[in-house]
Amino acid sequence: MLKIFRATAILEGISYLLLFGMTMPLKHWADIPEPNQVVGMAHGILFILYVVVAIVFCWERKWKLKRFIILFVASLLPFGTFYADKKYLKDLA
């Protein structure tokens, strides 16, 4: 489960950065909305998957709600999932 959660966290973080760093500027500054639609949908799916896997992972590890909230908030911040991976997940392997 750890490998699945770490992979999901990294993919969600990458999709978040692509969304805000590449496709949003294309949409608003260059009037090219198509990449934003594709990356936005991928990011939405990965975000939901991240939250579901985080719930299952925290339940499996018997972590307290505070740890889940930290992981959840990390998914809302740019580079947050990378920080959470390094701080909370990397040493578990």
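Colleague: What's the helix content of residues 38-59, and how far apart are the end C-alpha atoms?
Modeller: That span is 100% helix and 0% strand, with its end C-alpha atoms 32 Å apart. Helices (H or I, at least four residues) and strands (E, at least two) are DSSP runs, numbered from the N terminus. This is a predicted model: local features need pLDDT of at least 70, side-chain atom pairs count only at pLDDT 80 or more, and totals for chains, interfaces and linings use all residues. Residues are numbered from 1 along each chain as its sequence is written, and side-chain values use heavy atoms, with hydrogens and water left out.

Colleague: Which residues does UniProt list as "transmembrane region"?
Modeller: The unreviewed entry lists 7-26, 38-59 and 68-84. UniProt positions are in the numbering used here, feature names are shortened, and annotations may be inferred rather than shown by experiment.

Colleague: And residues 68-84, how much helix there?
Modeller: Residues 68-84 are 82% helix and 0% strand, with the end C-alpha atoms 11 Å apart.

Colleague: Switching to rings. How many aromatic pairs in the whole structure?
Modeller: The search finds seven. Rings of Phe, Tyr and Trp (its six-membered ring) pair if their centres lie within 6.5 Å; planes under 30 degrees apart count as stacked, over 60 as edge-to-face and the rest as tilted. Phe47 and Phe72 form a tilted pair, 6.1 Å centre to centre with 55° between the planes.

Colleague: What parts does that pair tie together?
Modeller: Phe47 lies in helix α2 and Phe72 in helix α3 (residues 65-76), so the pair ties together parts 25 residues apart in sequence.

Colleague: Why does Phe47 count as partly exposed?
Modeller: Because its relative accessibility is 22%, and partly exposed falls between buried (under 20% relative accessible area) and exposed (over 50%), with a 1.4 Å probe and protein chains only. Phe72 is partly exposed too, at 29%.

Colleague: Which rings are linked into a cluster?
Modeller: Phe5, Tyr50, Phe57 and Trp63, through ring pairs. Arg67 lies over the face of Trp63, 4.5 Å from the ring centre. The cut-off: NZ of Lys or CZ of Arg within 6 Å of the ring centre and within 35 degrees of the ring normal.

Colleague: Where is Val56 found?
Modeller: In helix α2. Val56 is partly exposed, with a relative accessible area of 36%.
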